[in-house]
Amino acid sequence: MSTPPRVAKARPVYLDLPRIRQPIPAIASILHRISGALLFVFGIPVLLWGVQSSLAAPETYDAFRAFMARTPVKLGVLVLLWAYLHHLFAGLRHLFMDVHIGLDLKPARQTAMAATVAALLLTLILAIRTW
């Protein structure tokens, strides 16, 4: 017996990922990973530097405070604040999903939107209050 000829499957030549519209749970999940990376790469070192400078001497803490008072640094801290809040809310959402709460489509969309909006609103409120 002879084998039938193989037919090549049509594959996409180019997949333009930024043009693909992701659902809100996917966006929340991607932002959760990005916020975790930001906290790990930048948040922990800044926090440790602040604690170390506050414990070393009053002069080093004053230098740390002077550095943190700069506008670009404040904006960076604001990004880290958003990262912390988004990672917190999205992490709580993931914990609920781990115990099978909110897995259906409608609750998944609602909780993803709630976590994203809550992180943005709380960041805005804290930025206004502390700036």
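1. Basis. The model is predicted: local features need pLDDT of at least 70, side-chain atom pairs count only at pLDDT 80 or more, and totals for chains, interfaces and linings use all residues. Residues are numbered from 1 along each chain as its sequence is written, and side-chain values use heavy atoms, with hydrogens and water left out.

2. H1 against H4. Helix H1 spans residues 24-56. Helix H4 covers residues 105-130. Helices here are DSSP runs (H or I, at least four residues), numbered from the N terminus. H1 and H4 pack at about 45°, and their axes are 8 Å apart. Axes are lines fitted to C-alpha atoms over the stretch in contact, and angles run from 0 to 180 degrees between N-to-C directions. H1 and H4 are therefore oblique to each other. The cut-offs: under 35 degrees is roughly parallel, over 145 roughly antiparallel, 65 to 115 roughly perpendicular, and the rest oblique. The H1 and H4 crossing is left-handed; that is, the near helix is turned anticlockwise from the far one by less than a right angle.

3. H1 against H3. Helix H3 takes in residues 71-98. The axes of H1 and H3 cross at roughly 130° and come within 8 Å. This pair is also oblique. Its crossing is left-handed.

4. Nonpolar patch. Met113, Val117, Leu121, Leu122, Leu124, Ile125, Leu126 and Ile128 form a nonpolar surface patch. Together they have about 700 Å² of accessible area, by the Shrake-Rupley method with a 1.4 Å probe and only the protein chains shown as cover. Patch residues have over 30% relative accessible area and no salt bridge, with nonpolar side chains joined within 5 Å. A salt bridge is a side-chain nitrogen of Lys or Arg within 4 Å of a carboxyl oxygen of Asp or Glu. Leu121, one of the patch residues, is partly exposed at 48% relative accessible area. Buried means under 20%, exposed over 50%, and partly exposed lies in between.

5. His100. This residue is in the loop between H3 and H4. His100 has phi near 65°, a positive value in a residue other than glycine. Most residues other than glycine have a negative phi. His100 is exposed, with a relative accessible area of 63%.

6. Two C-alpha distances. Gly76 lies in H3 and is partly exposed, at 31%. Gly76 and Gly43 are 33 residues apart in sequence and 9.8 Å apart in space. Leu105 sits in H4 and is exposed, with 55% relative accessibility. Leu105 and Ile128 are 23 residues apart in sequence and 35 Å apart in space.

Definitions and conventions. Patches are made of residues with over 30% relative accessible area and no salt bridge: like charges are joined within 9 Å, nonpolar side chains (Val, Leu, Ile, Met, Phe, Trp, Tyr) within 5 Å. Helices (H or I, at least four residues) and strands (E, at least two) are DSSP runs, numbered from the N terminus. Buried means under 20% relative accessible area, exposed over 50%, partly exposed in between (1.4 Å probe, protein chains only).
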